[in-house]
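Here is a short briefing to read alongside the model. Have the viewer open as you go through the points.

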Amino acid sequence: MAVLNPADALSVSGLHKSYDGNEVVAGIDFSVPPGTCFGLLGPNGAGKTTTLRCCLGLTAPDAGSIRLGGFAVPADAERARRRVGVVPQFDNLDPDFTVSENLMVFGRYFGLRRTDILARIPDLLEFAGLKGKESARIQTLSGGMKRRLTLARALVNNPDIVFLDEPTTGLDPQARHLIWDRLKQLTARGKTLILTTHFMDEAERLCDRLAILDHGHLVTEGAPRELIATHIEPQVVEVFGDDVAAWARSRNTLGERLEVAGDSAFFYCHDTAPLLAALADEPTLRYLHRAASLEDVFIKLTGRELRD
Amino acid sequence: MNSSNLYAFPRLGLSWLPVWQRNFLVWRKLAIPSVLGNLADPLIYMLGLGYGLGGLLPQVSGVSYVSFLAAGTVVASTMNAATFEALYSAFSRMHVQKTWDAILNTPLSLDHVLAGELVWAASKSLLSGLAILVVIAALGLTSSPLALWAIPVIFLTGLTFAAMGLIVCALAPSYDFFMYYFTLFITPMLLVSGVFFPADQLPSLVHVVATWLPLSHAVQLARPLLLGELPQNALGHVAALLAIAVVAFCIATVLTRRRLLK
């Protein structure tokens, strides 16, 4: 069990949580230094959301200790949450209010004064790219706009730490890139981000460090490049075509590791030259040669089978 | 609060004010239709039954039937307003719009959310009850200054029914569930609590049970006040309503914590 460092924005040690005898979080430890972006990755049901709920003091862990922003959670969770912003997975903007009213009402939950919130609203809307939308009703906003407003709402109390639970799920590429840009601006301003996502490119791009969670256990933790270097061969060749499985299995020595899924074969190699030469003789097979990515690490560590 | 203690007593204090204020701001946008909507239905019943049925009746408990019915209408519509708010509106905010989830990510706790909802539902029912009281006064059905004491009675009645409604809200899987509460509890209570006719007309067993119901206490406080008399055993009725409100709110708080803070 790790020792909690009081300087960390968030530290979690020996966290356990069960529901009806089913251990959803089975003893995890991690810590997030201030001003960094930490990613929590894992298949559906891995325990990510439960971990976040424990960290915010919304549910009591069965065992383990959590410190958030210098406060013990759940004992002192309300004080901890004064300095925290949350972008939840599902939209819970207030549909009865306009864009500005959403920020105003939310600011009041933090005990902020009306004049202070009013003074912050222009900056928040500017940051979220929602200038001119002050009086718009929530129902008239696009999915991307709602996410950005949720992000602006999470910043209304000028938090040190921001939790983001799948912030770009369901967004088009333009909207995702805009959110990424804003999240980078936040870390540049010294804020700590704690992010869950299913998008490996998002995690690779944004996170200084990340942890992969599966079946309630922390499978690995590290910087994205470091995890790729540690867990996976540097080159990947994906081969597609009919009967690719049989072809690939008969040539499994061409890569250090081979995985077959449906009509695709994945060769993980240090040296791809012999494999590419063999593929040159197979006009019916198509292939993609690329560098190993975080997604390869994720699949290797958590398997290919569906989790829903 | 330490959320590990799901069974603690609800927390006191005024931190719930922003939650109350949120609901008030939404209500303000639709205030006039809301008040008119809450006023129309009970007034139609009161005037229709009061003058229509009342024309066939000699005096009821020593006054005209419409005067008798006036106090019952005030507390019944207070009960309805508080119940609707604590059931349908609170459930929408908890389960459909996830407004409570958003609030729980701030320094406020679920106890504050529930206290805000409780006082809000009572406040909204106070407006309903008051609107009817004003109409009753305008019609000359009450003229005693004692009727002003009906105002705190209305608020207390609202608190009691809001607290009970929040229990149902905490247990509800969907909106359909609320129908049971109305058909099995609210409507029978409306008929045995002395709103439409003196409760002592009922078979004695029913009457005895009815005297324990919260609406009976409210009726027995409001009716004399509107007729310009001091209620008998006023303290007992107030204490009974308060006790039901406190116990119901404690139960609602524990049930809602169990639902949302698992």
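**A sheet and a helix pair**

In chain A, strand β11 (residues 235-240) and strand β13 (residues 264-269) pair in the antiparallel sense over six bridges; two strands pair if DSSP finds at least two bridges between them. Helices (H or I, at least four residues) and strands (E, at least two) are DSSP runs, numbered from the N terminus. This is a predicted model, where local features need pLDDT of at least 70, side-chain atom pairs count only at pLDDT 80 or more, and totals for chains, interfaces and linings use all residues. Residues are numbered from 1 along each chain as its sequence is written, and side-chain values use heavy atoms, with hydrogens and water left out.

**The sheet**

- V237(A) stands opposite F267(A) in β13(A).
- Four strands of chain A make an open sheet, ordered β12-β13-β11-β14, with antiparallel pairing.
- At the edges are β12 (257-261) and β14 (286-291) of chain A, each pairing on one side only.
- From one strand to the next, the twist averages 15° (angles run from 0 to 180 degrees between N-to-C directions; axes are lines fitted to C-alpha atoms, for helices over the stretch in contact).
- Helix α10 (residues 273-280) of chain A packs on the sheet and touches β11, β13 and β14 of chain A (contact means heavy atoms within 4.5 Å); the direction of α10 makes about 20° with that of β11(A).

**The helix pair**

- The axes of α3 (residues 99-109) and α4 (residues 114-127), both of chain A, come within 10 Å and cross at roughly 135°.
- The contact involves residues including L103(A) and M104(A) of α3(A) and I117(A) and L118(A) of α4(A).

Technical notes: Chains lettered and ligands numbered in written order.
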